[in-house]
Structures are given as structure tokens and as C-alpha cells.
Amino acid sequence: MSELDLNKKTSEMLANSKANVKNSKKDFTRPEDELREVVAPDGSIIKINPLYDYFSDEKPKEELPRGGVVEKFLNWARAESIWVLGFGTGCGSIEIPPLVTPRFDMFRYGVQMRPTPRQSNAFIISGYLSVKTLKRVIRTYEQMPSPKYILALGSCTINGGMYYDSYSTINRLDKYIPVDVYIAGCMPRPEALLHGFVKLKELIKAGKAEKANEYARNFDEYKANQKKIIKDWNMPDYNW
Amino acid sequence: MKSFIEKLNSKYVLQEVVYQRDDLVFAAIKKENAIDAITYLRDYEDFTHLVLMSCVDWIEDGKYQLLYLLHNPILKNDIGIKVYIDRENPEMVSAHHLWKSIWTYQREMHEAFGIVFPGSPRLKENFVVEGWDEIPFMRRDFDTHEYAEKTYFPRGNRKSNDPAEYMRKKLYPSQPVTAKQRKDDK
Amino acid sequence: MNIYVKLAYTLLGLLIVINWGMLMGATMRKIGARMAGRHGIPFHQPWINLLKNFSTRTTITHGIMYYLGPVFRLSGGVGLFLFMPMVFTGAVDGPWTNFSFEGDLVLILYFQVFGMLGMALGAGEGGHPYSAMGIARGLAQHAAVELPLTLAIVSIAIQYDTLSIYKIVEAQQGSILNWVLFTNPFAAAAIILAMLGALGHSPFNLVKAPNEILIGPATEYEGTYLGFMMTAGAVIHVMEAVLFMNLVFGGANSWLELIVKSFLIYFWSVFVGMVFPRFKIEQSITWFFKVPFVLGVLAILMYSF
């Protein structure tokens, strides 16, 4: 691709990009994210938009299940091998460590912790979620490979719990990311969390845990909700 | 402690002196003299440790009250220096040169109350919230409930119960109700 | 033997090795769980994990080397298998000797590093800083492991005057006292200690332990790539155990003997891992240079004069 095309493409992308939509009175762009022009060694000028040049901003696609016996078999395998991301988002994450101890032992249900979002397919949102954490949660959730599941732990994810009137924590998690299983309580005991895993297994085996596709289908709606509260949106629209 | 406070009073004019405990005294100092007094306390009177710095919003008086709590590790004494500043134009002399830990406190004050400390390093950086564009959230004229309802999609029909009463009704319905409880129910 | 028959035997052997590797991994995790007083994973968990990883719908690529990383690792494992005589049957072109030939010892040593180098290239293109850190640690430790291992293997080669694994196994037949373990104790000791690093269990698992800097080289790998790497891991674990069995513990006369011996060799590293906590990378490198390296030098000196 010649430089002329590249420049044209960049300017088109800038015109279409949603990141330029202002949700706020203030401008939160960091200096390193600002648009800039760089002079190439041969004298031509290249426009750079750091947020869009380093990342792919392609929207997620629906990856529909193939159906039939094969899909049922694969769903059984997915249900029996749930890899949970080790990311504690709130106070509820204190309920996760007991799961690896002899008393609760989640390994016998095929549940394991994984350290990186690329290798995990279940995400426990543990308790209250502040807007600051929500931003990281969205980034992490979008990096997980599909099919992916979300367990919402605690009352705070359902209606805000005891933080319903706080300026910094969200009330309803399902407005921002799709939730498969809610585990109510403040705090739920580890047994409740294990029951949540069993419930999730039932959903996966029945082929009903397709929330990743729901996220892709209603992508614009979810993004609008997310951008309404994350005012310093300094990341691409979809984080591959 | 009392003699020390009298000595300090002769140097800087102290107001509202409160002897909270044997080893804890609160005193208000004028804004112009405050950092001077804190420097004197740190360098000459061994109050070398900054325990905390906090802020109170006296909205009725139109004032912010800053509190510098200092600790003397030799005599095991604490002194709290209160400083009143104007609420309309909140500005305070920065103390970042005295303790490095005060940078973070001043950053927090700036974000939560909008108080300006000229010259304080990293003052404008985010501390707790990111991308905040309302008035500072710890000010008492900021209605956090209203903001949450407006912003975070509240789930309707939210009900609250008094835990003691709820448990009595739910778990022990057959137990006789005392006169006091009957009065509370009404 | 007809080449096609041999190929069929080799493929069957590979199938056995993959499944045995996964079962062995599950057994060791089960043993670890029982030591902690837990039930632990079911025995069939590795196969389910593999199936799940291959059924992941999203795949993300970072470039060609990113694809090739797991492929290199798997081909490193399969390469180890292809040129390794598995079961001693009395003839060089017997059914389970695979494609063993004169001089395969050198090739096997090369294939041990091959998977690691492939991972280094793949993880480097993944672009995650933690992968780069993991691979730098991995290569540093691998170099420290390879040095005593190579010294000991050269000592064994000098001892039997051959570079063929098959001939080394052949020389150890007859009595248990013919094993290298007794005929060349210094080389055997160096190999048994260096083996801990090669198998990569607890004191020396800083590179790929999930609770260290993420998960090391595999940080960016997911789904099918991870499935490939898990398969490769199963093969490599068995093949390392079989290599040490052939070199030190007199080879195997039947599949049953191979399974028992490789299990015990693998269990040795797991046993050490259960007892000792994890080393930092500089600690483990220092340790490899202090103990196994000195033993390896002694083994060389014994047969040089």
C-alpha cells in the first residue's frame, strides 16, 4: 500500500471512528494518544492516530454454534473444563482462594484458574465494580476467546447492593457485559460459588450459554452504555 | 503537653485548642502561618511523622477544614493542626517539600474537593476516579444518590429491611412480640 | 523390516506416547492433590482440556512465527520420538525402535533445544512483554541444564564408544549391574540431577508456573495453539523420561517396563517438586553450575584418561 493510500485510509478511519465522539464536557485525551503528524525520511507526512494504528478495531462477529451431535459433545467438553481468569474485581474475590483448598476443591469439577485472558473462558465478576475497574474488565473480557461465560458474584452486580448510591460503582452489570449466571448474596459463601459453576455447566450443556454471541449482536448498545460512564475512553472500540 | 502548647501559642496564634487526650491536641492555625508552624514542629519539635492529612467540608460556614495530624516519635505525642480555607476559592499553600507522602494526600484533596495546592507535584493526575467531569465528588453539595440514579441504570423496586426486624418476622414468627418491638413496628 | 510396516509401528507408538503422557500428567496432578488433602482433577481431565481448547471458536494471530511456535514445539517432541528406540527387541530394525540410527544421540540433543527455540520465536512475535521475559528465563535455565546433561552424555558415549542410543541400551542388557547407573555413576548422577531441570517441575518451573509472571512463553497462546502445546508437552515429558531411561536405567524390554520406568523417572521429578519450593532463576542456574556440572566434569575426566 502506498503512503497516499495509507494517509487516505487513516483520515477515513478518523472520520468514522467512534472515539472522537465526545461524551463529556472535558477532554481526557492523554498526550501520547493525540493525533500527530510524522515526517518520514523521504519527506512525506504521515498522520498517526495512536489508538487506531496499533490495534485492530474490527467489530466482533457472531460465531454461531454448528449444532447437532458434534456441538453437544463439544459443549460437554466445554462444561467439564472451565478455566477461570484470575482477576478479582472487588471484595468478593476473597471467596475465590478457598475454592482451591481441600474443603471446597473446585478441581474435581473441572474448574481451574488461568493467569491470562487468552486461555480462560470464564470470568468471575466478584462483587462491586467501580467504573475504573469496569474499563479493565471490558478490555479483559474482549480479549477472552469465545465461547466465554461470565459469573456475577454478589448482590452488587445485580442491583448495586449496598453501593447502590455510590458515585463510582455501577448498579447493573448486565447493561455493560452479558452475564450468564448470577450468584446472589453479600457475600456468597464458596459453596454458592460452586453451585454457580454447576449451574453454568448445566447451561453450557443445554447450549444456552451463548452470551458472547449476544454481546456481538448487541455490540453497539453495549458500547453506548459503556461509553456513557467511561468518559476517558482511551482505547480501541474492541480489544482483540 | 500543656506547656508545649503555651509555648507554641506564643509563637503562632492558636485557636480552638482541644485537649483530646493526654497525648493528643487539636488546634487551629491561620492559613498564612500554617505551613510555617508545621515546618517549625517538624524541624525543631521532633514532630517528624505525618500521620495523615484530611479535609472536612463545612458547607454551612462556607469553609473547608484541612487537618494535618503530626506525630512525635520520641515523646509519643500527636498534634492535629486545623486550617480553615475559603470554600469559594479553595487554595492552600503546598507542603510537598516537607514530606513526600503528602503529595498523594494533596492529589486526593484536589480530586475529591477541588482544593488547589500550587506547586504540588502530580497534582492533576487521577487518584481514585478516572475521567470525572462533574463537581468534585466529596463536596457536600454533590448529590451522589441522584448522580447514581441518573447514570448507572438503577434496577427499580429496591426494598430495604431492618435486619433485626426482618429476621424476627422471618425466622421466629411464633415468638411473642415485646411492647418495645410493637412500638418500633409502628 | 518393510518401511511401511515400520511407519505403522511408529505412528502407533506415537499414539501410545501421547496418551501415556497425558495420563501421566493427570496422575501426577492427582498425587499432588492427594498430598494437599484434595480430590484433585479426574483422570480424564487432560483429554477434556484438549478437546475444549480445540473447540474454541476465536483464534487470533500475531503473524507467521506465532503460528509456527507451537508447531516447532510439537515437531521438537515428535522429533525426539522419531529417532528414539522405545523398546529393546534385539534387532536395530525391530518394531519399536522407530528410526534410530548410528549417531542419533547428537540429533536427540538437538531436538531437545528445538522446541524451546521455536517457542522463543513464537512468543517473541506474540509481543507480550511477559512472554519475552518468560522465554529469556527459559533459555537461560535451559542452557544451564544442557551443559551438565551434554557432559554426562559425552562421557557415556566415550564409555561405550558409540553415538547410537540403541547400542548404549544394548550394552546395558543382561544384568542390572550393567546399567550406566552402576558402570558410570558420576555421569548417572549428573543426568539424574539435570533431569529435574529438563522435566521442569517444581524447583525449576519458574518459566511456566501459572502463578509466576503470568504463564511465561504461553501468555498469548489460546485455543488450538494451546492444544498443540499441551500435546507437545505430553510427548516431550514422556520422551525426556524415555531418553534418561535408555541412557541410565538400561532401556525397556517391553511397553510395560517402559511405562513403569518412565513413570518412576517422572515421579522422581514430581517428588522433588513436592518437597522443595520454587527456585528463582539465578538460584536454579547457580545450582546447576554447582552440582550437576561438577559431576558432569568428573564423569568426563574419568573416561578421558
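The radius of gyration is taken over C-alpha atoms, and the globule rule used here is 2.2 Å times the number of residues to the power 0.38. With 305 residues, chain C would by that rule have a radius of gyration near 19 Å as a compact globule, and its value of 19 Å agrees. This is a predicted model, in which local features need pLDDT of at least 70 and side-chain atom pairs count only at pLDDT 80 or more, while totals for chains, interfaces and linings use all residues. Residues are numbered from 1 along each chain as its sequence is written, and chains are lettered from A and ligands numbered from 1 in the order in which they are written.

Chain C holds 12 helices and zero strands, where helices (H or I, at least four residues) and strands (E, at least two) are DSSP runs, numbered from the N terminus. Its C-alpha atoms fill a box of roughly 55 × 45 × 45 Å along the principal axes. Of its 305 residues, 50% are buried, a residue being buried if 20 or more other C-beta atoms, placed from the backbone, lie within 10 Å of its own.

One residue to look at is C:Glu240, which lies in helix H9 (residues 223-248) of chain C. C:Glu240 counts as buried because 21 other C-beta atoms lie within 10 Å. Leaving aside neighbours within four places in sequence, C:Glu240 is in contact with C:Ala198 and C:Leu199, contact meaning that the C-beta atoms of two residues, placed from the backbone, lie within 7 Å.

Turning to the interface, 20 residues of chain A are in contact with 27 residues of chain C. The largest share of chain A's side, four residues, comes from helix H3 (residues 68-80) of chain A.

Terms used. A residue is buried if 20 or more other C-beta atoms lie within 10 Å of its own, exposed if 12 or fewer, and partly exposed in between; C-beta atoms are placed from the backbone.
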